[in-house]
Amino acid sequence: MVDWNGINEFVAVTETGSFTGAAKQLGLSTAHISRQVSELENRLAVRLFYRTTRSVTITEHGQMFYGRCRQIQEDLCEAERQIAGLQSAPRGRFKLTAPTIYGQDRIAPLINDFLTLHPELEVHFNLTNETVDLIEEGYDLAIRLGQLKASSMIARKLTSRTLHVCACPAYIERHGAPEALTDLGKHNCLVGSLSFWRFREHNKAKTVKVRGSLHCNSGWALLDGALKGIGLTQLPDYYVEEHLESGRLVSVLNKYRETEEGVWALYPHSRKLSPNVKFLIDFLKDKL
């Protein structure tokens, strides 16, 4: 019979790069992680990690063993997830976080729709632009935008967003439309929390430093300024799409538009068996 003791701990140490990180991920003590891995090494009669006081490095045997363990672990998780999905509906307490504006505009209405379908679920929804620690603060799910930083979290793409450089027709009539990225230096650019805008030129990502009469970390304030003819602004589609459709805003520099950015659902390994996580991610992906 296969002895599974130490397998989860070994995988967690490999993926986090430390015994402390593995303990945090699994919600166990560092001493327990170390003991389980040592017992696993004794059982296999091979060294899985080189340990020093400052670092943990996986061995060649450990790397080979990790590949097989990770696949088996994923297969077992998927089997349990399918059974749980057949037997359970979303219920109990669920905690998630999302960026403030995107969460308020796009995610919150869908969460309310989800609650009408699953009244036994209690949702705690935190809108913040801070990058919270999902494990430490007990979150089941996070919505993240754009490029993801490397982490031990599981990520599923929900949809994409696109950045538009916009102005109202009156501004374009007075100042003309920029034709090249170098033209931005001649325009009043309404600037958000970053002092540069993102584009793609000759199939390569490019940033352009911009300046103007309004600097504000609120996308709604920048949108209002653009609608009132103060200047150009660069905002994601969920701010501007209805105004582009109505003609109140005009999109410019479209041939330099940056490639679509991902909108992601991010969750810890320990949450992936939860029917709540699976049902909500599937619901958001379908609606978004």
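Predicted model: local features only at pLDDT ≥ 70, side-chain atom pairs only at ≥ 80, totals over all residues.
**View 1. Helix 1 and helix 2 are oblique to each other.** Residues are numbered from 1 along each chain as its sequence is written, and side-chain values use heavy atoms, leaving out hydrogens and water. Helix 1 covers residues 7–16 and helix 2 covers residues 19–26; they pack at about 120°, with axes 8 Å apart (axes are lines fitted to C-alpha atoms over the stretch in contact, and angles between N-to-C directions run from 0 to 180 degrees). Helices (H or I, at least four residues) and strands (E, at least two) are DSSP runs numbered from the N terminus. On the helix 1 side, look for Asn 8, Glu 9, Ala 12, Val 13, Glu 15 and Thr 16, touching Phe 19, Gly 21, Ala 22, Gln 25 and Leu 26 of helix 2 (contact means heavy atoms within 4.5 Å). Sorted by class, that contact has five nonpolar, four polar and two charged residues (Ala, Val, Leu, Ile, Met, Phe, Trp, Tyr, Cys and Pro are nonpolar, Asp, Glu, Lys and Arg charged, the others, Gly among them, polar).

**View 2. Helix 5 meets helix 9 at an angle of about 125°.** Find helix 5 at residues 100–117 and helix 9 at residues 275–287, with their axes 11 Å apart. This pair is therefore oblique too. From helix 5 come Leu 110, Ile 111, Asp 113, Phe 114 and Leu 117, and across from them in helix 9 sit Phe 279, Leu 280, Phe 283, Leu 284 and Lys 287. The contact of helix 5 with helix 9 is made up of eight nonpolar residues, two charged ones and no polar ones.

**View 3. Helix 7 and helix 8 run roughly parallel to each other.** Helix 7 spans residues 219–227 and helix 8 spans residues 237–246; the angle is about 25° and the axes are 10 Å apart. Gly 219, Trp 220, Leu 223 and Leu 227 of helix 7 touch Tyr 239, Val 240 and His 243 of helix 8. Five residues of the helix 7 and helix 8 contact are nonpolar, two are polar and none is charged.

**View 4. The largest cavity holds about 50 Å³ of space.** The count gives one cavity of 30 Å³ or more. Points join across faces, edges and corners, and the volume is the space filled by probe spheres set on them. Look for Leu 163, His 164, Val 165, Arg 198, Phe 199, Gln 234, Ser 251, Val 252, Leu 253, Asn 254, Arg 257 and Glu 258 around the largest cavity. Strand 7 (163–167), strand 9 (196–201) and strand 12 (250–252) each give two or more residues to this lining. Strand 7 gives the most, with three. The cavity lining includes five nonpolar, four polar and three charged residues.

**View 5. The largest pocket holds about 1600 Å³ of space.** A pocket is an open set of points with protein on both sides within 12 Å along at least five of seven lines. In all, 49 residues line the largest pocket, and Pro 99, Asn 129, Thr 131, Leu 145 and Arg 161 lie nearest its centre. The pocket lining splits into 23 nonpolar, 18 polar and eight charged residues.

Terms used. Parallel < 35°, antiparallel > 145°, perpendicular 65-115°, else oblique. 1 Å grid on protein atoms, 1.4 Å probe; cavity = no way out; pocket = protein on both sides within 12 Å on 5 of 7 lines; lining within 4 Å.
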